[in-house]
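Subject: Structure handover

Hi,

Here is the structure I promised you. Please open it first, then read my notes below.

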Amino acid sequence: MRFDSLLDSLGHTPLVGLPRLSPSPDVRLWAKLEDRNPTGSVKDRPALWMIDQAEKDGLLTPGCTILEPTSGNTGISLAMAARLRGYRIICVMPENTSEERRQILRMWGAEIIASPAAGGSNEAVRVAKGLAAEHPDWVMLYQYGNEANARAHYETTGPEILADLPSVTHFVAGLGTTGTLMGVGRYLRERVPDIKIVAAEPRYGELVYGLRNIDEGFVPELYDESVLTTRFSVGASDALRRTRELLGQEGIFAGLSTGGALHAALGMARKAVKAGERADIVFIVADGGWKYLSTGAYEGTLEEAETRLEGQLWA
Amino acid sequence: MAIEVRIPTILRNLTDGSKAVEGKGGTLDELFSDLDTRHPGLRAKLVKDGKLLKFVNVYLNDEDVRFLGGLGTELTDGDSVTILPAVAGG
C-alpha cells in the first residue's frame with residue numbers, strides 16, 4: 001500500500017484471528033492490531049482527528065502551543081503530528097508512567113510537565129486545566145471531552161471492523177477516555193442487531209486512587225453509559241497473564257492494556273460457549289509492548305511482574 | 001452469608017483502616033445498609049437519593065454493578081464487591 005505521507009497511512013489496521021486462544025470454531029476471537037498505526041498506538045486516530053478539527057475550526061494556527069493531559073499514547077501521537085504541522089506541544093503526564101513514554105515524547109519535541117503520581121490521570125487533567133486557565137493562548141484539545149476523539153473511531157475504526165468481519169457479535173476495548181468504545185460502539189449499534197459493547201477498565205494499585213475525596217473522581221465528558229453492554233474492572237495480575245498468553249500462544253507482542261481487553265474478551269467467549277451461542281469477538285490491541293519493557297512486565301514470574309507494576313499507570 | 005467488600009484508601013477512615021470488610025445482604029443496597037451499622041457514614045459516601053454517586057464505581061466480581069442491576073443487584077454468598085473512585089485513563 002502506498003501513501004503520500006506518514007499521516008495519510010493512518011488506520012486500515014489488520015484484524016487477525018486467534019486460532020489458539022479462541023475456544024471453538026463457533027466462538028472466535030479477533031485482534032485489531034492498532035499498534036500498526038504511525039506512532040504505534042490506537043491514539044493516532046483521535047489525535048489526528050482532533051488536530052484536523054481544531055485547524056478547521058480556526059483554533060489551531062501555525063506557531064500555536066498545544067497542551068494535553070495524557071498518560072502517554074495520546075501525547076505521543078499529538079507530538080508527532082505537532083512536529084509535522086509546526087506546533088509546540090506541552091504534555092502533562094503523571095510521574096508514575098514508563099520511562100519509554102517520556103523518551104518518545106521528548107524525541108518528537110514535546111515538553112513534559114509532571115503531575116503527581118497519587119491520583120494518576122485525574123491529577124494530570126486537573127493540572128492541565130489549571131495551566132489552560134493561566135495560558136488562554138494555549139490550545140487544549142482535551143481528549144476526554146473532544147467529540148472528534150469518538151468521531152475518529154465512528155468514522156474509521158468501526159467501519160473497518162464491520163467491513164472485515166460482518167458477523168461481529170462483540171466489541172471489546174480498554175476504557176480510558178472512552179473514545180474508542182463510544183465511537184466504535186455507536187457505529188456498530190446502528191448496524192449490528194444485538195451487538196455487545198464491552199469495556200475493560202484497568203484497576204490500578206492503591207496509589208493511583210489516592211484522591212483527597214471520593215467526590216474528586218473523574219468521568220470523561222465523552223462517556224455515555226448507554227453505549228455499553230457491560231464494563232469489567234481488570235487488575236494488573238489478569239492483564240499481565242493475558243498479555244503473556246497473547247504473546248506465547250498467538251505471537252502478538254502487545255502492551256498491558258491489551259491484556260486487560262483480552263481478559264474481558266475471553267470472559268465473553270466463555271459465556272457464549274456456555275450459552276451455546278456463536279460469537280465473533282473483536283478486541284483492540286491498543287499498542288505494542290515496546291514502551292513497557294522497562295516495567296519488567298515480560299520477565300520473571302507473574303507475581304514478580306505484578307509487584308513491579310504496583311503504583312504504576314500500566315495501561 | 002458473608003460478602004467481602006474491598007474499601008478504597010479514601011474511605012478507610014470509616015473502616016478503622018481496614019482494606020476489606022465483610023457484610024451481608026441479598027442485594028447491594030442491603031449490603032451497604034448492613035455495612036453502615038458497623039461503619040457509620042459509609043453508605044452516605046456511596047449512595048444519595050437511592051442512587052450510586054457519580055464518582056463511585058462498584059464492581060461485583062469485577063463487573064460494574066451499573067450494568068447488572070445497580071443498587072438492586074442481587075448478591076450471593078462468597079461474592080466479592082470492590083468499591084473504587086472513578087479515575088481517568090488515556
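Let me start with a pair of helices in chain A. H7(A) and H8(A) are roughly perpendicular to each other, because angles of 65 to 115 degrees count as such. Their axes cross at roughly 95° and come within 7 Å. H7(A) covers residues 236-250, and H8(A) covers residues 256-275.

Which residues of H7(A) meet H8(A)? They are A:Asp238, A:Ala239, A:Leu240, A:Arg242, A:Thr243 and A:Leu246. On the H8(A) side, the partners are A:Leu256, A:Thr258, A:Gly259, A:Gly260, A:Leu262 and A:His263. By class, this contact has five nonpolar, five polar and two charged residues.

Before going further, a word on confidence. This is a predicted model. Its scores are ipTM 0.93 and pTM 0.96. Chain B has a mean pLDDT of 95, with 98% of its residues at 70 or more. Where pLDDT is low, predicted coordinates should not be read in detail.

Next, the core. The largest nonpolar core has 117 residues. Those touching the most other members are A:Val172, A:Ala265, A:Ile281 and A:Phe283. H8(A) gives the most to this core, with nine residues.

Take A:Val172 as a way in. Leaving out residues up to four places away in sequence, A:Val172 touches A:Val198, A:Ala200, A:Ala261, A:Ala264, A:Ala265, A:Met268, A:Ile281 and A:Phe283.

Now the interface. Here, 32 residues of chain A are in contact with 22 residues of chain B. On the chain B side, strands E5 (56-60), E6 (63-64) and E7 (80-85) each supply at least two residues. E7(B) gives the most, with three. The chain B side divides into 12 nonpolar, four polar and six charged residues.

One residue of chain A deserves a look here: A:Ile214. You will find A:Ile214 in the loop between strand E8 (196-203) and strand E9 (230-235) of chain A. Is A:Ile214 buried, exposed or partly exposed? It counts as partly exposed, because it has 19 C-beta neighbours inside 10 Å and buried needs 20 or more. Leaving aside neighbours within four places in sequence, A:Ile214 is in contact with B:Ile10, B:Leu11, B:Lys45, B:Phe55, B:Val56 and B:Pro85.

One distance to finish. A:Ile214 and A:Leu309 are 95 residues apart along the chain, and their C-alpha atoms are separated by 24 Å.

Best wishes

Definitions and conventions:
Residues numbered from 1 in each chain as written. Chains lettered and ligands numbered in written order. Predicted model: local features only at pLDDT ≥ 70, side-chain atom pairs only at ≥ 80, totals over all residues. Contact = placed C-beta atoms within 7 Å. Helix = DSSP H or I, 4+ residues; strand = E, 2+ residues; numbered from the N terminus. Nonpolar A, V, L, I, M, F, W, Y, C, P; charged D, E, K, R; others polar. Buried ≥ 20, exposed ≤ 12 C-beta atoms within 10 Å, placed from the backbone. Axes fitted to C-alpha atoms, helices over the stretch in contact; angles between N-to-C directions. Parallel < 35°, antiparallel > 145°, perpendicular 65-115°, else oblique. pLDDT = per-residue confidence, 0-100. Core = buried A, V, L, I, M, F, W, Y, C linked by C-beta atoms within 7 Å.
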